[in-house]
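Welcome! Please take a first look at the sequence and the structure, and then walk through the points below with both in view.

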Amino acid sequence: MLTYIMGRILSSIPVMAVIAVIVFMLLHLTPGDPAAIIAGDQASAADVERIRQALGLNRSLPEQFITWVGQILTGDLGTSIYTGRPVTELIAQRLEPTVSLALLTLVVAVLVAVPIGVIAAWKAGTWVDWALMFVAILFFSIPIFITGYFLVFNFSIQWRLLPVQGYRSFSGGIGPFLSHLVLPAVSLGLVYASLLARMSRTAMLEVLHQDYIRTARAKGLGSGKVLFIHALKNAAVPIITTIGTGLVLLLGGVVVVESVFAIPGVGRLTVDAVLRRDYPIIQGVILLFSFAYVIVNLGIDLSYRLVDPRIRY
Amino acid sequence: MNILTGLTSIRALLGATAVGLCLSVSPTVAQSSSTIKAVMQADLAILDPTFTTATITTDFGYMVYDTLFALDSKGEPKPQMVDRYEKSADLLTWTFTLREGLKWHDGTAVTAADAVASLKRWGAVDSLGKSLMATTEKMDALNDKSFQIILKKPFPLVLEALAKPSAYTPFIYQKAFAETPPSQAKHKVVGSGPFIFVDEEWRPGNRVVFRRNPNYVSRSEPQDGLAGGKVAKVERVEWIAIPDPNTAVAALQNGEIHFLDNPLMDFVPVLEDDPDITVYPVDKLGQTGMIRPNHLQKPFDNPKARQALVKLVKQSDFGAAMGVPKGHFIECYSYLGCNTPLENDTGAEAAKTQDIAEAKKLLAEAGYAGEKIVVMQPTDIAILNSSTQVLIQNLRNAGVNVDAQAMDWGTLVNRRNNKNTPAEGGWHLFITTNFTSNLASPITHSYLQASCDAATSPGWPCDKDLQALTDKFQGALSPEERKTTAAELNKAAYKSVPYASFGQMPILAAYRKELKGVQTSRLPVFFGVSLEK
């Protein structure tokens with residue numbers, strides 16, 4: 001097992017290297033000049049050139065790439081072109097809000113979606129199934145920002161129950177922490193839960209038609225035991241896969257939710273950096289996300305053994 | 001139970017849950033009464049006001065730094081850090097003496113040497129500063145408190161230059177900081193202004209924190225615009241970054257922030273209807289919209305094609321498209337801005353009426369024969385996006401084959417520096433806005449420069465007659481002479497059309513009723529502002 005894990009982690013190194021090259025090239029070949037953006041609208045061409053030289057952006061691409069790779073190998077992701085702050089520091093400041101939001105969304109979505117998927121499969125073809133899947137498709141189809149504005153309008157502006165925006169650290173108390181994350185997590189969670197509910201239903205439907213389920217029912221086991229003990233465990237592999245890949249979907253959704261709810265997370269850091277062409281930050285964040293994706297996939301693969309002992313590594 | 005009763009019960013249940021979650025934290029202003037929370041027009045990213053012309057960095061400068069002179073509400077330069085000044089009868093020698101008690105945030109005294117070094121750094125990058133430095137024979141500190149500027153020839157705008165409110169503003173830095181070349185951004189902030197930047201609490205993209213400078217010695221006069229006393233009346237000011245304009249407005253309505261700079265125009269009527277919120281013009285002169293043609297590319301290398309642009313514009317249409325509320329938009333036909341000392345509409349008669357047929361005729365006379373015209377459309381800035389759409393439609397109405405290319409502002413500011421043909425990555429037209437205060441003088445009006453060299457702004461106008469009038473203005477010493485030259489310049493500009501204006505609009509801000517003492521001062525400043533419960 002340990003050999004397998006080490007092998008998987010080591011195999012991510014060439015993947016990360018390829019990603020690094022692609023990200024660097026894509027960014028530097030994309031139109032847009034941080035020097036022109038920094039200089040501002042009033043600046044002259046001479047101002048822009050002066051800033052470009054000061055930032056080293058007039059150096060050749062290979063030269064810039066080698067400098068960047070050299071920094072990465074020493075664990076340094078560089079400094080922001082704008083703020084002059086280390087990229088690692090900027091990312092570290094933003095991780096807590098994003099991880100908190102993603103985890104809360106995940107917990108809410110799994111708790112809501114899996115039972116819905118199981119019930120829909122159990123009642124397949126009935127009005128219950130249709131109603132649940134209609135709601136799932138509806139929420140999956142509504143853009144996250146629409147849901148977000150709707151929730152803000154009602155819960156914050158009309159009823160004044162929850163804050164419109166912002167983030168409070170967990171260290172500042174569970175109340176403020178949750179009150180600031182409820183609306184963003186629900187906005188994001190509805191989409192994610194819809195996807196997960198549909199996948200759970202499909203996986204469960206397949207399992208419910210297996211012979212051993214028929215046998216379990218014939219032996220007189222109750223519906224609850226059949227569904228949640230025998231069927232769900234065997235349907236868990238595709239559900240876990242969806243949860244894992246959905247995490248990546250979550251990261252995409254986090255970008256929108258963090259903007260709508262002004263949560264200072266990694267998603268907003270990325271958007272701001274892209275709009276400003278703050279290359280070191282974009283490169284750092286993408287490398288981080290790529291690594292996170294590799295680790296999440298590894299975690300998913302390892303978790304299969306927990307639900308299916310037949311799987312061996 | 002009817003539906004309404006049911007909804008009420010659900011609402012009560014949700015309310016109880018939410019209140020439980022919030023515990024003691026209310027979403028409405030839960031902060032100390034001595035902390036102003038403000039959302040500014042952009043997020044602060046660069047701390048050096050001589051490194052960038054970004055407005056937010058200038059706003060930052062006014063919080064933590066100080067200036068030798070400052071403009072009052074009438075636009076007159078008044079001493080700020082300067083206690084007194086003398087000018088010789090021939091207007092060649094200017095001697096300035098700093099006020100007593102001025103200190104840096106690290107406790108050391110502000111000296112005349114700091115001022116001289118700062119002016120030299122500013123004079124290397126700012127257009128007005130460069131003009132002043134070009135006519136300066138020498139500038140030296142006489143002692144700790146006094147310095148002298150000796151000019152080669154009289155310069156009509158010495159005090160105006162030292163009080164320049166928009167980028168680049170001549171803020172006074174510590175000498176060591178000021179001796180850094182302006183091409184190198186400084187990230188360490190030691191100012192002498194009424195607020196101290198709290199570096200350790202700065203979270204780029206999230207919040208900027210300032211605390212009151214207890215050692216700041218304010219002028220004794222009452223605050224008047226950016227001039228007069230700068231009394232910090234609150235302990236802290238926090239600039240919160242809320243990138244989504246809807247969320248920012250909701251946060252203001254909900255009392256989570258106190259001040260919102262430059263709200264989206266669409267929201268202004270909503271905010272004006274809220275009894276707890278006041279909308280006011282931060283800067284009455286505001287900004288002016290401009291359609292900038294590329295003077296190097298056909299057909300806009302021909303003045304007739306540029307005159308056609310003027311004939312295509314109906315300024316009120318642009319105002320409506322940008323969502324500027326009625327009463328705030330000014331149709332303006334003065335290249336030197338409206339409500340400015342040099343406002344005039346000489347030579348603008350033909351521009352006041354939209355005439356698509358005439359525009360079509362002028363384009364034909366300029367040799368336009370249906371070639372693709374590349375219009376760069378910045379989709380991420382609402383007012384520029386909507387006004388570009390009006391321009392595109394007007395061009396199509398005149399039979400122009402428009403190639404509208406959508407892009408973000410970051411891409412546009414890069415591409416507009418490209419002098420190649422549109423087929424090689426160049427462009428024909430783009431829209432921008434500029435602070436009217438920058439346009440109020442031909443010296444600071446970068447879009448009016450037509451010197452035929454690389455130093456002009458993208459668009460690269462080349463008109464020796466127009467440029468001669470700008471140069472003539474620099475030598476005009478009396479107000480009458482300046483006004484006469486300004487009229488000649490407006491007439492020449494409507495003939496040459498360095499750009500076509502599409503109106504002037506104020507820069508608005510909104511604040512909650514708890515804030516007292518907010519003034520129209522060209523920039524959103526927080527000295528003189530208190531927070532009451």
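This is a predicted model: local features need pLDDT of at least 70, side-chain atom pairs count only at pLDDT 80 or more; totals for chains, interfaces and linings use all residues.

**Chain A as a whole**

- Chain A has twelve helices and zero strands, and its pattern along the sequence reads α-α-α-α-α-α-α-α-α-α-α-α.
- The C-alpha trace of chain A spans about 85 × 55 × 35 Å along its principal axes.
- Chain A has 313 residues, and 39% of them count as buried.
- If you take the contacts in chain A between residues at least 6 apart in sequence, 73% of these contacts join residues at least 24 apart.

**Two helices packed in chain A**

- Two packed helices are described by the angle between their axes and the distance between the axes.
- Helix H1 (residues 2-29) and helix H12 (residues 279-307) of chain A have axes that come within 10 Å and cross at roughly 150°.
- Angles over 145 degrees count as roughly antiparallel, so H1(A) is roughly antiparallel to H12(A).
- The crossing of H1(A) past H12(A) is right-handed.
- On the H1(A) side, the residues making the contact include A:Ile5, A:Val15, A:Ile19 and A:Phe24, while those of H12(A) include A:Tyr279, A:Ile286, A:Phe291 and A:Leu298.
- Sorted by type, the residues of this contact between H1(A) and H12(A) are 15 nonpolar, three polar and one charged.

**Two helices packed in chain B**

- In chain B, the axes of helix H10 (residues 315-322) and helix H12 (residues 382-397) come within 8 Å and cross at roughly 140°.
- H10(B) and H12(B) are therefore oblique to each other.
- H10(B) passes H12(B) in a crossing that is right-handed.
- B:Asp317, B:Phe318, B:Ala321 and B:Met322 of H10(B) make the contact with B:Ile383, B:Ser386, B:Ser387, B:Gln389 and B:Val390 of H12(B).
- The residues of the contact of H10(B) with H12(B) come out as five nonpolar, three polar and one charged.

**A helix with a buried side**

- Which residues of helix H11 (residues 356-365) of chain B are buried? They are B:Ala359, B:Leu362 and B:Leu363.
- These residues lie on the same side of H11(B), because they cover an arc of only 100° around the axis.
- An α-helix has 3.6 residues a turn, so residues three or four places apart point the same way.
- Helix H9 (303-312) of chain B is included in what covers the buried residues of H11(B).
- Just after H11(B) comes B:Gly367, with a positive phi of about 95°.

**Where the chains meet**

- The contact takes 55 residues from chain A and 54 residues from chain B.
- On the side of chain B that touches chain A, at least two residues each come from helix H1 (3-22), helix H7 (245-253), helix H13 (409-415) and strand E17 (429-435).
- H1(B) gives the most to that side, with seven residues.
- The residues of the side of chain B that touches chain A are 23 nonpolar, 23 polar and eight charged.

**Backbone details to look up**

- A:Ala262 is not a glycine, yet its phi is positive, at about 50°.
- A:Ala262 sits in the loop between helix H10 (223-260) and helix H11 (266-276) of chain A.
- Is A:Ala262 buried or exposed? A:Ala262 is buried, because 26 other C-beta atoms lie within 10 Å.
- B:Asn262, a residue other than glycine, has a positive phi near 55°, and B:Asn262 counts as buried with 20 C-beta neighbours inside 10 Å.
- The peptide bond from B:Ala167 to B:Tyr168 is cis, with omega near -10°, and B:Tyr168 is in the loop between helix H5 (158-162) and strand E9 (171-172) of chain B.
- The peptide bond from B:Lys298 to B:Pro299 is cis too, with omega near 0°.

Conventions
Residues are numbered from 1 along each chain as its sequence is written. Chains are lettered from A and ligands numbered from 1 in the order in which they are written. A residue is buried if 20 or more other C-beta atoms lie within 10 Å of its own, exposed if 12 or fewer, and partly exposed in between; C-beta atoms are placed from the backbone. Helices (H or I, at least four residues) and strands (E, at least two) are DSSP runs, numbered from the N terminus. The arc is that of the directions from the helix axis to the C-beta atoms. Two residues are in contact if their C-beta atoms, placed from the backbone, lie within 7 Å. Axes are lines fitted to C-alpha atoms, for helices over the stretch in contact, and angles run from 0 to 180 degrees between N-to-C directions. Angles under 35 degrees count as roughly parallel, over 145 as roughly antiparallel, 65 to 115 as roughly perpendicular and the rest as oblique. A crossing is left-handed if the near helix is turned anticlockwise from the far one by less than a right angle, and right-handed if clockwise. Ala, Val, Leu, Ile, Met, Phe, Trp, Tyr, Cys and Pro count as nonpolar, Asp, Glu, Lys and Arg as charged, and the others, Gly among them, as polar.
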